[in-house]
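Let's go through the pockets together, one question at a time.

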Amino acid sequence: MDYLWGTTILVGFYLGGSALHRAGVPIPGGVLGLLLFYLALASGLLKTAWVERASTFLLRHMVLLFVPLTIGLMDMRELLSRQWLAIVASLVVSLLAVLLTTALLGRWILPVEPGLHKDADCAGQGEDR
Amino acid sequence: MSASFWAGNPVVSIAVTLLAYALAIRLHRQWKWIPPIVAACVPVVAVLLMLREPYSLYNRGGSYLTWWLGPATVALGFPMHKHGVVLRRSLPRLACVVFAGSIVGMSTAGLTAWLLHAPLPVVMSAVPKSVTTPIAIEVCRELNGIPQITIAMVILAGVLGATFGVPLLRLLRVHDDRAVGAAIGTTSHGIGTASLVRQSEMRATVSSWAMAAAGVFTSLLAALLALLMRW
């Protein structure tokens, strides 16, 4: 019952988000659903206990959900053989760029508040080195 | 037996995919280095090729599974809320970091592919490559990219970041748990986050918040990009 009720809520938010998307909001339906769902949780309209198990279950088995699309790569051998260099280069360049931007900016601005600084130091000890 | 057995029956597609996934999970538990997505796809592709069942027929059933990526995207709001409560004091700064990472990720991915003369659909498929799969696919569709290419890039970004991300950051002397979590979550979404769970709770918490936020920011930025392109 827990799973059923939670899944129904998730599907409801997805359908709601998709309806808004079709009505002209330029953000994907799933993301609109996510934002509404987040607001409902943050405002307390939706109890976390109602959706915890269904959400965790769906996220844990997300890999299953993108198996069919990934299998579609079998029809793209020709495109991949022509474009692999652009794809791999774009992947590596962008990966390094994001990692550096977020890590350096994060190191610079995240520990500024004194309370956070202490917290971060405690948690960080023992892991590195 | 081939044509009459399968012949685009959606139930058979779903059953075969579920079976392959269940086996892939088993394999992954036994040998950690085998990515479940690869282990799940290879046998299905092999069976499809052997029975000469075209992908389009298989996908009549497959698309029912794909549909559930929508509710899975919504479900991301749950960890975002749960971890947002823990992190509430640093959320504005964290959001800035993730936002900057999202802009840099989208533009460098798109520009690199474009500079190497990739056709527009491939360029657009590269743009959402840093974010979690269900959101990346939605963004890719909005931008008229090719979802399969996006998925392959998303998975590679996850595996590469999970493997080399933390050692690279250590080399750069980034040790702060929040910075590491934000960087890995923004770069390598769920796959990266999973790799942090054993390191520290703070890293994993920041990373899962960052992964969901990066997805939201990227889809907002992509909506803007799509508007500009239509102009």
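**Reading the pockets**

Q: What volume does the second largest pocket have?

A: Rolling a probe the size of a water molecule over the atoms shows where empty space is left. On a 1 Å grid over the protein atoms alone, a pocket is an open set of points where a 1.4 Å probe fits, with protein on both sides within 12 Å along at least five of seven lines. In this predicted model, the second largest pocket has a volume of about 350 Å³, counted as the space filled by probe spheres set on the points, which are joined across faces, edges and corners.

Q: Which residues are closest to the centre of that second largest pocket?

A: Lining residues have an atom within 4 Å of a point. There are 14 here, and A:T70, A:L73, B:V38, B:C41 and B:A152 sit closest to the centre.

Q: Which helix gives the most to the lining of the second largest pocket?

A: Helices are DSSP runs (H or I, at least four residues), numbered from the N terminus. α3(B) leads with five residues.

Q: How does the lining of the second largest pocket divide by residue class?

A: Ala, Val, Leu, Ile, Met, Phe, Trp, Tyr, Cys and Pro count as nonpolar, Asp, Glu, Lys and Arg as charged, and the others, Gly among them, as polar. You get 13 nonpolar, one polar and no charged.

Q: And how much space lies in the largest pocket?

A: About 1800 Å³. Of its 46 lining residues, B:G190, B:I191, B:T193, B:A194 and B:S195 are the closest to the centre.

Q: What about numbering and cut-offs?

A: Residues count from 1 along each chain as its sequence is written, with chains lettered from A and ligands numbered from 1 in the order in which they are written. Local features need pLDDT of at least 70, side-chain atom pairs count only at pLDDT 80 or more, totals for chains, interfaces and linings use all residues, and side-chain values use heavy atoms, leaving out hydrogens and water.

How values were computed: Helix = DSSP H or I, 4+ residues; strand = E, 2+ residues; numbered from the N terminus.
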